[in-house]
Every structure is written in C-alpha cells, then in structure tokens.
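Please read the points beside the sequence and the model.

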Amino acid sequence: APTTSISTTSLPMTSAPGAGALVAPVVDRLLLADAVARSKWVSHGAIDDPARERAVIDAAVAGAPPATADRVRAVVRDQIEASKTVQRGLFAGWRAAPWTAPHAATDLSSTRRRISDLTTDIVARVVGHDPRDPACMADVASATLRTVAERGLTPLQIVASVQAERSLCAL
Ligand SMILES: C=C(O[C@@H]1C=C(C(=O)O)C=C[C@H]1O)C(=O)O
C-alpha cells in the first residue's frame, strides 16, 4: 500500500526483547577496551590481569541463579577474551605506528567500574533469556549488523563483537 513505509533493510526488526537486546550492552562493554588499552599503554601495564578477571567472573556468577552459572561463566569469559582481542589489536597498531599511540592516560579504575556495571547488565539479560530460542542467532546477527552500521565499529571491534557473542545462543 502507498501509505506503508518502505523498509530500508531486508533484515527483520528486533524490537521484541529477544537475544538482540544483549548486543547493546555487549558492544558497550567491548568499546571500553579502547580506554583500557590507552591506560595500559601509557602506564606500561599488562593486557592480561588474571586477578581482575577472576573478580569479574566471581561477581557475575555470585549475582546469578546457580542453575545459570555455567552459561554466565561462559558469556563473561567471552566478554573478557573479546576485550583482550581489541586491546592486543590496538597495541599492535601502536607498536607498528608509534606516532598514533596515546600519550594521555585514562582512569582505569573508573573504566573498570563501567565495565563491571555493564557485566551486571549483560548477566541479567543472559539469565532472563532462553538460549535455545530458535530466533536467537538471527536476532543477535541483525542487532549486530545494525550496531556495526549505527556506531561505526572498526574491523577490529566487529571481529571482537562476534567473539563476544559466541556463547549467547545455545547449539
Ligand atoms: C578490561 C581489562 O583487560 C582484561 C579484560 C578484563 C575484562 O574484560 O573484564 C579483565 C582483566 C584483563 O585481563 C582490564 O584490565 O580491566
């Protein structure tokens, strides 16, 4: 009908609170890897911080129902590994082109507070979502493509987003 607006995309809208709703906090958390990497580059800190990783995972599991512990652990582990993918990629770029490297440190502890808050948000959505939902993968894929376009993710961030989403949908 002439009054119907024309869709600009062939992808389905994911307005229902399905798995696609997980993508925003996952990407928000991933994008904080940039501030973390800048801080570590300037302070000569290590990308891997196993003690902080344990604290993040333990807090996530403690805040979730015991029956969801394995899923929560897997999802949070993916977020951590994806963050390190971005950090390693940025470090590699800064090593290869030192004139592009940051000079001003960002405050790691305030960034970590935001990462912890987003982890809490992600866990709450994971716990509230059925990973066997047959639409899960399509929801995640379309929400990701929309986010990539809307937020202008870099190739490194796109690759790491896929890594971060690995455990969101069950087989
Ligand atoms: C983001 C950081 O880098 C790594 C990733 C972490 C995470 O994603 O929670 C935690 C510790 C680090 O191994 C950080 O150090 O805070």
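1. The shell around the ligand comprises four nonpolar, two polar and six charged residues. In this grouping Ala, Val, Leu, Ile, Met, Phe, Trp, Tyr, Cys and Pro are nonpolar, Asp, Glu, Lys and Arg are charged, and the others, Gly among them, are polar. The shell consists of V36, D48, D49, R52, E53, V56, Q79, I80, S83, K84, R112 and I115, where a residue is near the ligand if its C-beta atom, placed from the backbone, lies within 6 Å of it. Two or more residues each come from α3 (50–62), α4 and α5. The most are given by α4, with four residues.

2. The model is predicted: local features need pLDDT of at least 70, side-chain atom pairs count only at pLDDT 80 or more, and totals for chains, interfaces and linings use all residues. Residues are numbered from 1 along each chain as its sequence is written. Helices (H or I, at least four residues) are DSSP runs, numbered from the N terminus.

3. Helix α1 (residues 23–31) has V23, P25, V26, V27, R29 and L30 as its buried residues; buried denotes 20 or more other C-beta atoms within 10 Å of the residue's own, exposed 12 or fewer, and partly exposed the range in between, with C-beta atoms placed from the backbone. These buried residues pack against α2 (33–43), α4 (69–96), α5 (108–127), α6 (136–151) and α7 (155–164).

4. How do α1 and α7 pack? Their angle is about 125° and their axes are 10 Å apart, the axes being lines fitted to C-alpha atoms over the stretch in contact, with angles from 0 to 180 degrees between N-to-C directions. That makes α1 oblique to α7; angles under 35 degrees count as roughly parallel, over 145 as roughly antiparallel, 65 to 115 as roughly perpendicular and the rest as oblique. V26, V27, L30 and L31 of α1 make the contact with Q157, A160, S161 and A164 of α7, contact denoting C-beta atoms, placed from the backbone, within 7 Å. This contact has six nonpolar, two polar and no charged residues.

5. The axes of α2 and α4 cross at roughly 50° and come within 9 Å; the two helices are therefore oblique to each other. In α2, A33, D34, V36, A37, K40 and W41 meet S83, V86, Q87, L90, F91 and W94 of α4. Eight nonpolar, two polar and two charged residues form this contact.

6. H44, in the loop between α2 and α3, has a positive phi of about 55° although it is not a glycine. H44 is exposed, with 6 other C-beta atoms within 10 Å.

Conventions. Two residues are in contact if their C-beta atoms, placed from the backbone, lie within 7 Å.
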